[in-house]
Amino acid sequence: MTNTPRVPLDTTVPHSARVMNYWLGGKDHYPVDRALGEQVEQASPEIVELMRADRRFLARAVTHLAREEGIRQFLDIGSGLPTANNTHEVAQAIAPGARIVYADNDPLVLAHARALLTSTEEGATAYLDADLLDPEALLARAREHLDFNRPIGLVLMGVLGHFPADERTYAVARAYVDALPTSSFLALCDSTDTSRQIVEAARAWNENAAQPIHLRTPEQIGAFFEGLELLEPGVVSVPFWRPGTTGAGAAGEIAQYGGVARKP
């Protein structure tokens with residue numbers, strides 16, 4: 001187990017994982033989470049579609065990595081509460097022998113870890129109670145489940161926006177990428193300041209939630225891929241990332257940008 005102190009479960013303060021679960025139509029949330037979710041949604045009706053587009057992007061990215069790139073190992077950090085199209089479900093539907101490691105340090109996510117720890121008989125799924133900001137400890141535990149001599153798909157979906165757009169956050173992301181073997185991939189997305197509605201939603205969120213949201217520019221999202229080989233179409237609003245697969249529906253601009261890139 002990591003030495004990171006366990007954050008107590010507080011049902012009196014809204015939490016991002018629970019609010020997002022509410023927006024995605026899940027059941028793992030409390031009245032305080034629903035209240036904030038409704039408040040933010042009133043300020044920005046776009047937020048619900050943004051969250052759903054985020055999940056669809058995850059499904060398309062993992063589908064591509066498993067089907068087209070032959071990736072059979074995934075490390076999903078900041079996985080959040082289980083919902084539809086979790087990484088292991090998408091990957092193992094294509095490659096039953098795929099191995100997936102989820103990592104999060106949220107107590108509610110830990111309480112629901114058993115829902116994540118389902119797997120095909122051929123593959124494996126593990127959950128780590130570990131802190132994104134401690135790459136050394138998290139990676140040491142991930143190595144117990146994944147072979148770091150073979151390519152890995154690193155998944156960072158909507159998690160880095162909880163940290164400032166400063167050099168420390170980029171250094172943390174680079175620590176994970178640097179640990180990956182050649183021909184591994186990074187799939188990443190996060191919220192941007194490209195929508196007035198989302199800027200207002202972030203303001204409402206930060207006034208009420210314990211963990212703030214830091215919006216980035218698309219260029220700042222792109223900086224996470226420095227030194228990697230971006231797949232087409234590059235860093236884009238996520239509905240435009242290969243929308244013709246996995247039933248993505250009609251693509252429309254939203255303030256959630258991301259991409260997928262290969263480590264040379």
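Let's start with aromatic pairs: searching the whole structure turns up two of them. Rings of Phe, Tyr and Trp (its six-membered ring) pair if their centres lie within 6.5 Å, and planes under 30 degrees apart count as stacked, over 60 as edge-to-face and the rest as tilted. Phe57 and Trp241 have ring centres 5.6 Å apart and planes at 85°, so this pair is edge-to-face. It links distant parts of the chain, 184 residues apart: Phe57 is in helix 3 (residues 46–67), while Trp241 is in the loop between strand 7 (236–237) and strand 8 (256–262). Helices (H or I, at least four residues) and strands (E, at least two) are DSSP runs, numbered from the N terminus.

This is a predicted model, where local features need pLDDT of at least 70, side-chain atom pairs count only at pLDDT 80 or more, and totals for chains, interfaces and linings use all residues. Residues are numbered from 1 along each chain as its sequence is written, and side-chain values use heavy atoms, leaving out hydrogens and water.

Is Phe57 buried or exposed? Buried means under 20% relative accessible area, exposed over 50%, partly exposed in between (1.4 Å probe, protein chains only). Phe57 has 0% relative accessibility, so Phe57 counts as buried.

Now hop over to strand 4 (residues 153–157), where five of five residues are buried. Gly153, Val155 and Met157 point one way, and Leu154 and Leu156 the other.
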